[in-house]
Amino acid sequence: MLNIGLLGLGHVGQGVLRILLENADLIKERVGQALCVKSIGVRSPEKYQNLNLGGATLTTDIDSMLLDPELHIIVEVMGGEEPAYTYICKALKQGKYVVTANKEVVAKHKKTFFELAKTQQVDIYFEAAVAGGIPIIRSLKVGYAANKIQSLTGILNGTTNYILSKIEEEEKEFNEVLQTAQNLGLAEADPSMDITGLDAAYKLVILAAVAFKADIQLNDLDYEGIESIGLKDIQYAKELGYRIKLLALSKRYDDNRMSFGVYPTMIPEQHLLASVREELNAVYIVGNAVGDSLITGKGAGGSPTGSAIVSDIMDIAFDSTKKLSRRNLETNCQAVQILDSQELESQFYMRLIIADHPRVLEKLTGILGHYDVSIAKLIQKESHNSVAELVIVTYEVKEKNMQQAIHTLKKAPEVHRFLTYIRVKDLV
């Protein structure tokens, strides 16, 4: 029997416990031994007295849990950087395997964890930290192991994908759809981590280590959120043949430099990622042997995340009677050359409110031309009260040129309001 210590009994923790209890016979048959939750560390044991704990003991003494020689695996589902970081380090130092769903702590401290695990001849698993129920970590480590990954593009946040989908489907504005998502429990009361792109950025840092063996941190990439995306942007994108998604973008270039970023992005309606709707997540991978590949599924929730955690526990159980398998440890992460984000090229979509007077377009195109920005498409709707709404799609241009042009446009007297800009990618 493998004994498990569970740190946290919230939504995800209860999902883990439920799966281990309900599928106990199936799991035992598959791995050849029983998996038992022996101890559960919580702040307030009285909150959980009515739950079926399957014989597990509730405790507030986490340090004693981590020192318990009868516990083989520690499962951390507390969230946040501390005290999770301290507990994971203590568990690894005690020679215990660790399974975590904590994207923030893995993104920030993965190298420390990998080194501790290697020293103690154990392992740390984090399938549930990225894209919930999608087995993307294991797929990259095993299924795509024969490939040099050329690019990885992901919809890694279900909340923002739900919001963007519902803005389009129900023709409602951002704030109204966000409120609905919160009422349904698909968005947190404080949704800032999701809608600013920070959640997806943490996940991209983790995927960079697994897909590219790249040792990067959050400050090595740029990220933007969806706060400025409105119904009109969604409608204009559709009119132009695109859909807007919050994408985590990573790419390897011929000179072996790499780029990483999270942005709202317009992609062609026919692209596989464009069809990923509501709270689903998806990862689109291009490998030098496998070619293009898409994995999609539920990215959050107690059961999908719990499923990923239990699969990691079972993976440990498979190896528990054998010599340590090194396939899960990223011990060779190297510093990589990050391509300056200002040198990246993209098309851009812009929406502006402008003065409806003669020669205004000439003035605006002159500003764009000054920064070597060329116009691919232009839409001007009917004017009201001497102002008009203008949509511009550019040809590919360097980020630095576009940002300089945007800065100048915002100050131009002919521009009443600069509403938004979105990168446009064909993803080919």
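**Close-up views of a predicted model**

**Figure 1. Arg359 lies in the loop that joins strand S13 (345-355) to helix H13 (360-370).** The model shown here and in the other figures is predicted. Arg359 has a positive phi of about 75°, although Arg359 is not a glycine. Is Arg359 buried or exposed? A residue counts as exposed when its relative accessibility is over 50%. Arg359 has 60% relative accessibility and therefore counts as exposed.

**Figure 2. Asn385 is found in the loop between strand S14 (375-380) and strand S15 (387-394).** Asn385 is a residue other than glycine with a positive phi, near 50°. The relative accessibility of Asn385 is 75%, so Asn385 counts as exposed.

**Figure 3. A cis peptide bond runs from Glu82 to Pro83.** The omega angle of this bond is near 5°. Where is Pro83 found? Pro83 is in the loop between strand S4 (73-76) and helix H4 (84-93).

**Figure 4. Helix H5 (residues 103-120) packs with helix H10 (residues 198-212).** Two packed helices are described by the angle between their axes and the distance between the axes. For H5 and H10 the angle is about 45°, and the axes are 9 Å apart. H5 is therefore oblique to H10. An angle under 35 degrees would count as roughly parallel, and one from 65 to 115 as roughly perpendicular. The crossing of H5 and H10 is left-handed.

**Figure 5. Residues from both helices make the contact between H5 and H10.** On H5 the contact is made by Lys103, Glu104, Val106, Ala107, Lys108 and Lys110. On H10 the contact is made by Asp199, Tyr202, Lys203, Val205, Ile206 and Ala209. How many residues of the contact of H5 with H10 are nonpolar, polar and charged? There are 6 nonpolar residues, no polar ones and 6 charged ones.

**Figure 6. The chain that holds these sites has 14 helices and 17 strands.** Its C-alpha trace spans about 80 × 50 × 35 Å along the principal axes. Of the 428 residues in the chain, 55% are buried. Among contacts between residues at least 6 apart in sequence, 74% join residues at least 24 apart.

Definitions and conventions. Residues numbered from 1 in each chain as written. Predicted model: local features only at pLDDT ≥ 70, side-chain atom pairs only at ≥ 80, totals over all residues. Heavy atoms only, no water. Helix = DSSP H or I, 4+ residues; strand = E, 2+ residues; numbered from the N terminus. Buried < 20%, exposed > 50% of the residue type's maximum accessible area, 1.4 Å probe, protein only. Axes fitted to C-alpha atoms, helices over the stretch in contact; angles between N-to-C directions. Parallel < 35°, antiparallel > 145°, perpendicular 65-115°, else oblique. Left-handed = near helix turned anticlockwise from the far one by under 90°. Contact = heavy atoms within 4.5 Å. Nonpolar A, V, L, I, M, F, W, Y, C, P; charged D, E, K, R; others polar.
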